[in-house]
Amino acid sequence: MSGIRITGLGKALPDRIVTNDDMSRIVDTSDEWIRTRTGIRERRIARGNLPEALKNEQVPGAAQSAPERAETCTALAAEAARRALQDAGTKPPEIGLVIAATMSPDFFSPSVACSVQELLGLPSGIPAFDVNAACSGFVYAMTVANAMMQQMSIGCALVIGADAVTSLIDFTDRGTCVLFGDGAGAAVVRKDEGCSFAGILGAEGKRSALSIPVGGHMLMDGRDVFRFAVTVVPRVLEELEKETGRSLGDIDQIVLHQANDRIIEHIRRKLALPEEKFFRNLQHYGNTCAASIPVALTEMKEQGLLGPGTRIFCVGFGAGLAWGGLYLEFQ
Ligand code: UT7
């Protein structure tokens, strides 16, 4: 196991809170159906992606959008990255690598990572690129960052998970549109030989489970993805145990991709683990794809769950099909 450590975390979410009741005004669904099938109560949708029927409505208690605050995938990524740098106390010139995980960039080119480099004034000449591993994107990006940091002389990296995936959702398809939300999370990562890290990656191409054709909308076989998730996650956790020599009992928190509470519960019961071991925030954001794990880590830090010595397993899973696991230690 090699050594890297997350020294700062940040998140950025669109202002507009869209509740399940709001969704029931645009498709034939209900708060009860969405809550019992997924655990989701509300999600954030970027202003530019809001369906027509919700554009001018005010949700009681929702934050007012400042018109000048951009909520594109790039803007959310940059905001999360800026906050992660602040949290870490890291200045832009210290960054030696930028990797952004996304499957819903605003541009085919430049990459979100290069745009963030420009927006934040990160050093010129450093490597910056995107990875697309759908909802496993952040796990892939962290693992690639670690490999590059060990192989090249890079001391500090910025790793981002950002998706404004609702731009690729058909808001007349109740089978998908209630599940997703937009957001971004970012981590500042430093080389640290005293801090163990492990990353496990895998994929098995299967387009029929979940796909987003260029210029089209997301198509998903929900049951297929559900079956895949509840099979692959225990396998990844077992591989992480083997790789790290740490049992699930040694791990403080397990952070699964925040897709569906029923998936998390299914796995928790199968492994006979206590509820407190699984951090969850999907009730507020729905499935934010590559952002889900770094947003969860940011909120865990805000809630004081990432103290010195905290050990975490993260597992991502999703379209590809692709999956991955991380072992993280905090100081
Ligand atoms: O990052 C990975 C992303 N993907 C996922 O996480 C998806 C994983 N899969 C799931 O979470 C579940 O399969 C869903 C929540 C998507 C669906 O739950 P389900 O229990 O598998 O429902 P289903 O697809 O079998 O549909 C059951 C019924 C259908 O009606 P009929 O044919 O039985 O009359 C659907 O049309 O529920 C209907 N339905 C809805 N009803 C109300 C589907 N979506 C909705 C909806 N509101 N939003």
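**Group meeting: the ligand and its pocket**

Four helices each give at least two residues to the shell around the ligand: helix 2 (31–38), helix 6 (174–177), helix 7 (222–244) and helix 8 (261–270). Helices here are DSSP runs of H or I with at least four residues, strands are runs of E with at least two, and both are numbered from the N terminus. Helix 7 supplies the largest share of this shell, 4 residues.

A word on the model. It is predicted: local features need pLDDT of at least 70, side-chain atom pairs count only at pLDDT 80 or more, and totals for chains, interfaces and linings use all residues. Residues are numbered from 1 along each chain as its sequence is written, and side-chain values use heavy atoms, with hydrogens and water left out.

Now the shell itself. Which residues come nearest to the ligand? Of the 22 around it, they are Thr29, Arg174, Gly222, Arg223 and Asn260. A residue is near if one of its heavy atoms lies within 4 Å of the molecule. By class, the shell has 10 nonpolar, 7 polar and 5 charged residues. In this scheme Ala, Val, Leu, Ile, Met, Phe, Trp, Tyr, Cys and Pro are nonpolar, Asp, Glu, Lys and Arg are charged, and the others, Gly among them, are polar.

Next, polar contacts, meaning pairs of N or O atoms within 3.5 Å. Arginine 223 has a polar side-chain atom 2.6 Å from an oxygen atom of the ligand. For arginine 37, a side-chain N or O atom is 3.0 Å from a ligand oxygen atom. Tryptophan 33 places a polar side-chain atom 3.3 Å from a ligand nitrogen atom. How much of the ligand does the protein cover? On its own the ligand has 950 Å² of accessible area, and the protein covers 73% of that. Those areas come from the Shrake-Rupley method with a 1.4 Å probe.

On to pockets. The ligand takes up the space of the largest pocket. A molecule sits in a pocket if more than half of its atoms lie within 2 Å of the pocket's grid points. A pocket is an open set of points on a 1 Å grid over the protein atoms alone, where a 1.4 Å probe fits, with protein on both sides within 12 Å along at least five of seven lines; lining residues have an atom within 4 Å of a point. The largest pocket holds about 690 Å³ of space. Volume is the space filled by probe spheres set on the points, which are joined across faces, edges and corners.

Its lining has 29 residues, and Leu179, Met220, Gly222, Arg223 and Asn260 lie nearest the centre. Helix 2, helix 6, helix 7, helix 8 and strand 11 (311–318) each give two or more residues to that lining. Helix 7 gives the most, 5 residues.

The second largest pocket has about 490 Å³ of space. Among its 23 lining residues, Met103, Pro105, Asn132, Leu168 and Ile212 are closest to its centre.

Last, some backbone details. Serine 109 and proline 110 are joined by a cis peptide bond, with omega about 5 degrees. Proline 110 is in the loop between strand 4 (97–101) and helix 4 (112–120). Alanine 134 is not a glycine, yet it has a positive phi of about 50 degrees.

Technical notes: Polar contact = N/O pair within 3.5 Å; in protein donor to acceptor, adjacent residues only side chain to side chain.
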